[in-house]
Amino acid sequence: MGGRSRRQRRARGTASVAEALLWLGPALVLIVGIVLYPAITLVATSFGTYSITGLRKGDAGISNYTNFLTSPDLPRVIGNTGVWVGAVVVLTVLIGLALAQFLSKEFVGRRFVRWAVIVPWASALVISSQLFKLIYDYYHGVLNQLLLSLHIIQKPIDWLGDNHFTMASMIAVGVFVSVPFTAYLLVAGLNAIPADVYEAARIDGGSPWQIYRRITLPLLRPAILIGVVLNLIYVFNSFPVIWILNGSNPGFGNDTLITYMYKLAFRSAQHDVGLSAAAGVFNVLIILIAVGVYLRLVNWREGKEA
Amino acid sequence: MSSSAVMRTVPRSRGRGWKNARKWVLPIGGIAVMVVFLAPYVVMLLDALRPSGEVLATPPAFLPKTWTASAFVQVVSDPAFQNWLRTSLVVAVSATLIVILVAIPAAYFTARFSFRGRILFLGLVVVTQMFAPTSLVVGIYREFYDLGLINTYTALILTDAAFNIAFALWILQGFFSAIPKDIEEAAALDGCGRFGTMVRIMLPLTLPGIVTAVTFTFIAAWNEYVVALTLMQDDALKPLTVGISSYVTAYQQNWSQLFAASLIAIVPVVILFALIEKHLVGGMTAGAVK
């Protein structure tokens, strides 16, 4: 694989920047206009004050940033974000690893299992979230009903309204919708490990656990790292799960940085677009750091994968 | 071949007993996995097949007492639903067309040629893939507000297209790079220009890649939520993802209709997604700067 891709790289012709602009132009226009320009607009907005209807009233200097950073809600929101991202990513990668190991084995009906795993991945997140909102419902949800009939709980739990359970309930849904992609990614990683490596280890008398720890895990490391970083970005950015499941709770008690930012601009009483933009810049900086890590990882992988 | 031969000759801690057992254990485990991932959607289907009043029974019954498809009939004949469906179709199809039209030349060119700024361009594409529009949504809102494009298909189509160029580009680039240069050189000798070579020789060979890119982009645009929630405030212009939540509000709780509409929105894309299963991971992780 590596050798071939390197040969191809050498075989690539050269072209002038002018010609490149002709071929890449349309893509560039879209990316600059709809991705980069809004980023610049976001920064510009964060230095302005706006009326509730969205008209720019004047310059705010850095007051949006100082208001954002000194907001009494911020520590709670940052804490929520840490718990949400940390728990979802760790659980997703661990469960994804186990599921990938399972799905990479040959067995009757495996194809159907893989299709079943795709369902939460292909479904719109907002739709799955609304589904879980009913499943979690205190009165009408099947979860309480199921747990009561199995005598796991003695009285129903308000999964989304009781502050002890809200975050954990959202994390469970976050994991549920993130595991499929992660498992698929890790199955691809497992399939890339040559079979003769395992044979050699077996001939040397390695036990299955030894083989897993000493051979599978180290060779799977690049795939695991990419899974971790991509999930960090996706889960941090994740909006619908928290937006829907936490939707009927007042205040910012269970919000992450992303939903907090959104509420500041579009749902809070003050409709403060400037303040929200300052929060948005803060979020973008966090994602940029993660993207930087990702780019280093894939670069480092470059030699191995075309 | 050889691996199974070795497995049979080398004594292992788990011997013949495990080999026989795994014939049963693995499929049973498979069924358990299917149950976990499908169960919530089975609940959705069963709730869509009973009257809304029954969904709100306490305690809830697993199976409907009255089986009825009336929620599906009501949803399909609901003018509001038809509007949302139209928006979803128009936006997803248009965004997909744009993505394919801009990604094909870009993928072909970056696969075949070196030029100054190539790495910068590909890096930019990775960044768009990582920046789901969510974090930029306030900026996107302000841009379209200034342009007077709030509540227009155009704004939604352009946003869905821009943020989904990356997947199509990586997939197509992979297919273009895999085509031997000789084929192209032969075409050039026969008098094909660069563009002619791409259209007549390369595109037919990359058809599977194009199908994958089209499917993925369509689904991504079809499922998009946060930008549509922000830009489309006129009820008639909302796409399905945003519109259908009005079946369940503080004032009315039509869960059966919400779930009937949800199933109409997810079943086709789940099937499409399963068809491109093999290429998914490649397109989502191929952000390697090649």
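Biologist: In the hairpin of S2(A) and S3(A), which residue takes a positive phi, and how many residues lie between the strands?

Modeller: This is a predicted model, and in it the residue with the positive phi is Gly54(A), at near 105 degrees, in a hairpin that has 5 residues between its strands.

Biologist: What makes strand S2 (residues 48-50) and strand S3 (residues 56-59) of chain A a pair?

Modeller: At least two bridges are needed for a pair, and S2(A) and S3(A) have 3 bridges, in the antiparallel sense; they therefore count as paired. One bridge joins Tyr50(A) to its partner Arg56(A) in S3(A).

Biologist: How do you know that a strand of chain A also pairs with a strand of chain B?

Modeller: The same rule of at least two bridges applies, and strand S1 (residues 13-14) of chain A meets it with strand S1 (residues 113-114) of chain B, over 2 bridges in the parallel sense. Gly13(A) has Phe113(B) as its bridge partner in S1(B).

Biologist: How many residues does each chain give to the contact between them, and which element of chain B supplies the largest share of its side?

Modeller: Chain A gives 90 residues and chain B gives 84. On the side of chain B, the largest share, 12 residues, comes from helix H2 (residues 16-48) of chain B. Sorted by class, that side of chain B holds 58 nonpolar, 20 polar and 6 charged residues.

Biologist: Which residues make the contact of H5(A) with H15(B), and what are their classes?

Modeller: H5(A) contributes Trp115(A), Ile118(A), Val119(A), Trp121(A) and Ala122(A), while H15(B) contributes Val269(B), Val270(B), Phe273(B) and Ala274(B). By class, this contact has 9 nonpolar residues, with no polar and no charged ones.

Biologist: What makes helix H4 (residues 74-103) and helix H8 (residues 166-191) of chain A oblique to each other?

Modeller: The axes of H4(A) and H8(A) cross at roughly 40 degrees and come within 6 Å. Roughly parallel is kept for angles under 35 degrees, and roughly perpendicular starts at 65, so a value of roughly 40 degrees leaves H4(A) and H8(A) oblique. H4(A) passes H8(A) in a right-handed crossing, and the contact of H4(A) with H8(A) has 19 nonpolar, 6 polar and no charged residues.

Biologist: Is Val35(A) buried or exposed, and how do you know?

Modeller: Val35(A), which sits in helix H2 (residues 17-45) of chain A, has 23 C-beta neighbours inside 10 Å. The cut-off for a buried residue is 20 or more, so Val35(A) counts as buried. Leaving aside residues up to four places away in sequence, Val35(A) touches Thr128(B), Phe131(B), Ala162(B) and Phe163(B). Among these, Ala162(B) and Phe163(B) are themselves among the buried residues of H8(B), a helix (residues 153-163) that is mostly covered, with 9 of its 11 residues buried.

Biologist: Why is helix H6 (residues 125-135) of chain A described as largely enclosed?

Modeller: In H6(A), 11 of the 11 residues are buried, so the helix is largely enclosed by the rest of the structure. The buried residues of H6(A) include Lys133(A) and Gln130(A) as well as Leu131(A) and Phe132(A). For chain A overall, buried residues make up 43% of the 306 residues.

Biologist: Why is His151(A) called exposed, whereas Asn151(B) is called partly exposed?

Modeller: Exposed requires 12 or fewer neighbours, and partly exposed lies between that and the buried cut-off of 20. His151(A) has 7 C-beta neighbours inside 10 Å, so it is exposed, while Asn151(B) has 15 and is therefore partly exposed. His151(A) lies in the loop between helix H7 (142-149) and H8 of chain A, and Asn151(B) lies in the loop between helix H7 (137-147) and H8 of chain B.

Biologist: What is the phi of His151(A), and what is that of Asn151(B)?

Modeller: His151(A) has a positive phi of about 60 degrees although it is not a glycine, and Asn151(B), also a residue other than glycine, has a positive phi near 65 degrees.

Note on methods
Residues numbered from 1 in each chain as written. Chains lettered and ligands numbered in written order. Predicted model: local features only at pLDDT ≥ 70, side-chain atom pairs only at ≥ 80, totals over all residues. Contact = placed C-beta atoms within 7 Å. Helix = DSSP H or I, 4+ residues; strand = E, 2+ residues; numbered from the N terminus. Nonpolar A, V, L, I, M, F, W, Y, C, P; charged D, E, K, R; others polar. Axes fitted to C-alpha atoms, helices over the stretch in contact; angles between N-to-C directions. Parallel < 35°, antiparallel > 145°, perpendicular 65-115°, else oblique. Left-handed = near helix turned anticlockwise from the far one by under 90°.
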